[in-house]
Amino acid sequence: MTYIATMAGAAAVVLLSLALGLPPVAAAAGLVYCGVSNGLVAVGLLRRRASGYGWANTVTTIRSSFVALITTLVVASFAGQVPVPVLVGLSIPALALDAVDGWVARRTRSVSELGARYDMEVDAFLLLVLSAYVAQSLGVWVLAIGGMRYAFVVVGWLLPWFRATLPPRYWRKVVTAAQGIALTAAASGLTGALAAPIVVAALLLLAESFGRDVVWLVGHRAMAQTTPARSGQVQHPASSAASGADPASASASASEARLNPLPPA
C-alpha cells in the first residue's frame with residue numbers, strides 16, 4: 001500500500017508541476033516528501049508487524065498527498081508566482097481531512113500509536129510549509145508557527161526530562177486547527193490588512209499551548225528524571241490536537257511523537 005501511495009503521490013506532483021510549469025526543484029521537493037513520508041510509514045508498519053494498512057491510515061495518506069502538492073507549490077513560490085487559488089484549494093481538504101482519519105480510526109476500532117504519529121507528522125509538516133509561504137509576505141517571524149514543534153524535538157533530544165508523558169488536553173486540538181486556518185486565510189490574500197493580526201493571534205495561541213506544557217514538564221521534572229518515559233509518549237502541544245484521536249488515545253502517543261520524527265523500534 002505504501003508503494004502505491006508513493007507512486008500515486010509522485011504522479012500527482014509531476015502532473016501538477018507540468019500543468020503549472022513549475023520549476024524542477026519544486027517537483028523534486030514534492031517527490032522527496034512523498035518518498036520520505038511513505039517510507040517512514042512502511043518502516044513503522046514493518047517494525048510493528050502490522051497485518052494491514054487500515055482505512056484510517058489510508059485517509060491520512062490521502063491528506064499527505066495533498067501536503068506533497070502544497071509543498072511543491074510553496075517551493076515553487078520562492079522562484080516565482082504560483083496560483084493562490086490552487087494553493088488554498090489544496091490546503092482546505094488537507095486541513096478538513098484531519099478530522100476524518102481519527103473518526104475513521106475510532107469507527108473501525110483501529111486506533112494505533114503509529115496512526116496517531118503518522119497523522120501528527122503530516123500536520124506538523126503542513127504547518128511548516130504553509131508558514132514558509134506566508135512568511136514571504138508577512139515576515140520570517142511566521143516560521144515560528146511551523147518551527148516550534150521541531151524546536152521542541154531538538155530540546156527533547158538534549159533534555160530527556162522533556163520526554164515525560166503529558167496529560168491530554170483538548171485545547172491542543174483547537175490550537176492546531178487555528179494554526180492551519182489562520183495560515184490558509186493569510187495565504188489566500190482575502191484577509192488583506194487583517195492577515196498579520198490573524199497570524200499573530202494564532203501564534204500567540206500556539207505559544208500559550210507550548211508554554212503551558214513546558215511549565216508542566218518543568219514542574220514534573222524530578223518525577224520525569226526518576227521515572228523514564230515509556231517509548232512512544234511525547235507529543236508537541238499542537239500536533240496531538242490535529243491527530244483526530246480522542247484525548248485518551250492521543251495521550252498514549254503524547255510524548256516521544258513530539259520528540260522523535262522517526263517510527264520507534
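**Helices, burial and ring pairs**

Ile198 is partly exposed, because its relative accessible area is 31%; buried means under 20%, exposed over 50% and partly exposed in between, with a 1.4 Å probe and protein chains only. This is a predicted model, in which local features need pLDDT of at least 70, side-chain atom pairs count only at pLDDT 80 or more, and totals for chains, interfaces and linings use all residues. Residues are numbered from 1 along each chain as its sequence is written, and side-chain values use heavy atoms, with hydrogens and water left out.

Q: In which helix does Ile198 have its place?
A: Helices (H or I, at least four residues) and strands (E, at least two) are DSSP runs, numbered from the N terminus. By that count, the place of Ile198 is in helix H9.

Q: Which residues is Ile198 in contact with, leaving aside its neighbours within four places in sequence?
A: Contact means heavy atoms within 4.5 Å. The C-alpha atoms of Ile198 and Ala178 are separated by 9.7 Å, and the two are 20 residues apart along the chain. Leaving aside neighbours within four places in sequence, the contacts of Ile198 are Ala182 and Thr191.

Q: How far apart are the end C-alpha atoms of H9?
A: The expected span of a helix is 1.5 Å times one less than its number of residues. H9 covers residues 195–219. Its 25 residues should span 36 Å, which agrees with the distance between its end C-alpha atoms, 36 Å.

Q: Is Leu206 buried or exposed?
A: Leu206 lies in helix H9. Its C-alpha atom is separated from that of Ala178, 28 residues away along the chain, by 8.8 Å. The relative accessibility of Leu206 is 1%, so it counts as buried.

Q: How many helices does the protein have?
A: From the N terminus on, the elements run α-α-α-α-α-α-α-α-α-α-α-α. There are zero strands, and the helices come to twelve.

Q: What percentage of contacts between residues at least 6 apart in sequence join residues at least 24 apart?
A: The protein has 265 residues, and buried ones make up 49% of them. Among its contacts between residues at least 6 apart in sequence, the share that joins residues at least 24 apart is 79%.

Q: At what angle do H6 and H8 pack?
A: Axes are lines fitted to C-alpha atoms, for helices over the stretch in contact, and angles run from 0 to 180 degrees between N-to-C directions. H6 covers residues 113–138, and its axis is 9 Å from that of H8. The packing angle of H6 and H8 is about 35°.

Q: Which residues does Thr184 touch, not counting those up to four places away in sequence?
A: The place of Thr184 is in helix H8. Thr184 counts as buried because its relative accessibility is 8%. Thr184 is one of the H8 residues that meet H6. Not counting residues up to four places away in sequence, Thr184 touches Val88, Ser91, Leu95 and Leu130.

Q: What kind of pair do the rings of Phe152 and Phe162 form?
A: Rings of Phe, Tyr and Trp (its six-membered ring) pair if their centres lie within 6.5 Å; planes under 30 degrees apart count as stacked, over 60 as edge-to-face and the rest as tilted. A search of the whole structure finds four aromatic pairs. The ring centres of Phe152 and Phe162 are 4.7 Å apart with planes at 40°, so this pair is tilted.

Q: Where is Phe162?
A: The pair links distant parts of the chain, ten residues apart. Phe152 is in helix H7, residues 143–158. Phe162 is in the loop between H7 and H8.
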